Amino acid sequence: MEVFYYIVFGVLGLVVAALELSKNNKDRINTSSAFNSFKNNYLIVYSLMMAGDWLQGPYVYYLYSTYGFSKGDIGQLFIAGFGSSMLFGTIVGSLADKQGRKRACVTYCITYILSCVTKHSPQYKVLMVGRVLGGIATSLLFSSFESWLVAEHNKRGFEQQWLSVTFSKAVFFGNGLVAIIAGLFGNLLVHSFSLGPVAPFDAAACFLAIGMAVILSSWTENYGDPSESKDLLTQFRGAAVAIASDEKIALLGAIQSLFEGSMYTFVFLWTPALSPNDEEIPHGFIFATFMLASMLGSSLASRLLSRSSPKVESYMQIVFLISAASLLLPILMTYFVEPSKVKGGGISFSGCFQLLGFCIFEACVGLFWPSIMKMRSQYIPEEARSTIMNFFRIPLNIFVCVVLYNVNAFPITVMFGMCSIFLFVASLLQRRLMMIVDKPKTNDWTPLSERNTEEDPLNI
């Protein structure tokens, strides 16, 4: 492995360590022991859930290829996963508001464990069922856990600002440290122990089972709107009206879809961008480097969220602009650096610059997650939190399915350019959101259960 990779990883590690060790009282929020106990319990569960997810990611494509499926067949399996998340996942995730968020989190564990079990079969139909189950689980992961946390936090009477502590720590550990450890552990199982590409999925199932046991033994149930008079269709209509009637919610959904759509597209593009001539690059080590960059971003977010200024709505404009600029690097390299025509070998000079730019983008991802969680906790009504959050994922999943279907139809520079434009638009929408928030408030959100049916279409 080239020294360059070690240098980048080492520098990022030192910066993250310096940020964490240099925090002073201004960068920390004083909390109670009761809150710390609650927070730590959630972080354990969330980290186990993310370990179950991260262990699978690097080996899904590899497993399918070892079963002898073509690139086209594998692409269809991936599309089925995102399509399932959009259709079935939205319905199942929305049931959390009515049937209970704790139940939804347990359902995530069971669904994802079953998805892992299907990986033992080389049958295409069985693997397709596994992708459908995985898509449902993904929707639950990115809506039910956050919905449970926010509702339980408020129910226990903790200060609203303390939520940002949990959010930033969850991203730092769950999306950063756990991802790095999961990548290394998966590599150990597959290559060092020679257990085969299905081993990470078995390990993931074990972590999910442990997490489910913790949920069942220590979590209490909470609901959005448990009214028996409201069926699923009514919930959908209420969520749609809430998005249409509150510009803040609509803007937040658009911002999330644009950023996450670009992020998931980046997942498919970074490998061909860094190895256009089949250069030998250490995928696992680069993935760990990206996760370390994400930890850097979440560490910065924890500092920013602990202070009253700048507001999250303000600094996120800059984050989106920086992320847009970082994904322009592959395009700029084609104009200013003559592309290498040598097949194989190590990473090129252009690839080195692009890797640094991609690390900047991953740092922006680390900033994005706790910040968007903070804004969602402020603007999305509690009664329909899971439903609205799953509505946000519909355009995201449509976008990713379209990208997957046409991934070979456009040059890679066009794809990066498209992502950069989306991120720039997200910055503009973020500015609009900040302008609305800064305006004097004329009225507050009225809970769905308190609204009059004839006066308010949300209470259908």
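**Salt bridges, helix packing and core: group meeting talk**

Let's start with Arg432. At 31% relative accessibility, this residue is partly exposed. A word on the source before I go on: this is a predicted model.

So what does Arg432 pair with? The side chain of Arg432 meets that of Glu247 in a salt bridge. The N to O distance is 2.9 Å. Arg432 sits in helix 18, residues 412–438, and Glu247 sits in helix 12, residues 247–274, so this pair ties together parts that are 185 residues apart in sequence. Glu247 is partly exposed as well, at 37% relative accessibility.

How many salt bridges does the count give? The count comes to 11. I'll take two others from that set.

Next pair: Arg101 and Glu382. They form a salt bridge, with the closest N and O atoms 2.8 Å apart. Where do the two partners sit? Arg101 is in helix 6, residues 101–118. Glu382 is in the loop between helix 16, residues 349–379, and helix 17, residues 385–405.

Is Arg101 buried or exposed? Buried, with a relative accessible area of 0%. Glu382 is partly exposed, at 21%. The cut-off matters here: buried means under 20%, so Glu382 falls in the partly exposed class.

This pair also belongs to a network. Which residues does it link? Salt bridges join Asp97, Arg101, Glu382 and Arg385.

Then there is Arg156 with Glu152. Their side chains meet in a salt bridge, at 3.1 Å from N to O. Arg156 is partly exposed, with a relative accessible area of 40%. Glu152 is buried, at 2%.

On to helix packing. Take helix 9, residues 163–192, and helix 13, residues 283–305. Their axes come within 8 Å and cross at roughly 170 degrees.

Now the core. The largest nonpolar core has 140 residues. Which of them have the most contacts inside it? They are Met49, Tyr108, Phe145, Phe290, Phe358 and Ile388. Helix 16 gives the most to this core, with 14 residues.

Let's zoom in on Tyr108. Leaving out residues up to four places away in sequence, Tyr108 touches Met49, Asp53, Ala137, Leu140, Leu141, Phe145 and Leu208. Met49 and Phe145 are also on the list of core residues with the most contacts.

Leu208 comes up again with Met50. The C-alpha atoms of Met50 and Leu208 are separated by 8.8 Å. Along the chain, these two are 158 residues apart. Met50 lies in helix 2, residues 33–54. Met50 is buried, at 2% relative accessibility. Beyond its neighbours within four places in sequence, Met50 contacts Leu141, Gly174, Asn175 and Val178.

Asn397 is found in helix 17. Is Asn397 buried or exposed? Buried, at 1% relative accessibility. What does Asn397 contact, leaving aside neighbours within four places in sequence? Phe82, Ser85 and Met86.

Last topic: the backbone in two loops. The peptide bond from Ser309 to Pro310 is cis, with omega near 0 degrees. Pro310 is in the loop between helix 13 and helix 14, residues 312–326.

The other loop holds Ser194, between helix 9 and helix 10, residues 199–218. Ser194 has a positive phi of about 55 degrees, although this residue is not a glycine. Ser194 is exposed, at 58% relative accessibility.

Definitions and conventions: Residues are numbered from 1 along each chain as its sequence is written. This is a predicted model: local features need pLDDT of at least 70, side-chain atom pairs count only at pLDDT 80 or more; totals for chains, interfaces and linings use all residues. Side-chain values use heavy atoms; hydrogens and water are left out. A salt bridge is a side-chain nitrogen of Lys or Arg within 4 Å of a carboxyl oxygen of Asp or Glu. Helices (H or I, at least four residues) and strands (E, at least two) are DSSP runs, numbered from the N terminus. Buried means under 20% relative accessible area, exposed over 50%, partly exposed in between (1.4 Å probe, protein chains only). Contact means heavy atoms within 4.5 Å. Axes are lines fitted to C-alpha atoms, for helices over the stretch in contact, and angles run from 0 to 180 degrees between N-to-C directions. A nonpolar core is a set of buried Ala, Val, Leu, Ile, Met, Phe, Trp, Tyr and Cys residues joined through side-chain atoms within 4.5 Å.
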